[in-house]
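Hi there,

Here is the structure I promised to pass along. Have a look at it first, and then read on for my notes on its charged side chains.

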Amino acid sequence: MIVGIGLDIVELARIERFYRDKPSFATRILTPAEQKEFARLSGRRAIEYLAGRFAAKEAYAKAIGTGLGAACGFQDIEVLKSPSGAPVLRANKEERRVHISVTHSEQVACVQVIIEE
């Protein structure tokens with residue numbers, strides 16, 4: 001049974017501006033494991049990765065119905081790759097099944113999250 005759906009879209013230029021103006025933006029958004037992946041990337045791909053993770057965490061927080069804040073923060077949600085390369089979202093103490101789809105265009109990153117019980 002589906003118990004939550006979240007969708008978020010973010011402009012790559014906006015994330016690039018945030019990161020350029022304040023590089024600590026990445027450490028605020030990304031978990032340590034995500035930061036390792038981010039460090040391996042450069043240029044446009046790094047911005048796509050950061051924007052995708054930002055949108056994924058926003059979409060997940062919408063799907064659980066709290067939004068980002070005290071109940072659920074950026075560091076409580078992690079998006080890594082499965083062995084096949086597909087994104088896998090894990091949240092602290094989350095027992096439900098989470099489906100995630102991440103896509104990028106030249107200008108935006110978009111993520112959809114569906115939570116099942």
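Predicted model: local features only at pLDDT ≥ 70, side-chain atom pairs only at ≥ 80, totals over all residues.

Which residue does Arg 45 form a salt bridge with? The partner is Glu 48, and the closest N and O atoms of the two lie 3.6 Å apart. Both belong to helix α4, where they sit three residues apart, so about one helical turn separates them.

Searching the whole structure turned up six salt bridges. Another of them joins the side chains of Asp 8 and Lys 62, with an N to O distance of 2.8 Å. Here Asp 8 comes from strand β1 (residues 2-11) and Lys 62 from helix α4 (residues 43-64), so this pair ties together parts that are 54 residues apart in sequence. Asp 8 is buried, with a relative accessible area of 10%, while Lys 62 is partly exposed, with 41%.

A further pair is made by Arg 20 and Asp 21, whose closest N and O atoms are 3.9 Å apart. That distance still counts because the cut-off for a salt bridge is within 4 Å. Are these two residues buried or exposed? Arg 20 is exposed, with a relative accessible area of 55%, and Asp 21 also counts as exposed, at 59% relative accessibility.

Best wishes

Terms used: Residues numbered from 1 in each chain as written. Heavy atoms only, no water. Helix = DSSP H or I, 4+ residues; strand = E, 2+ residues; numbered from the N terminus. Buried < 20%, exposed > 50% of the residue type's maximum accessible area, 1.4 Å probe, protein only.
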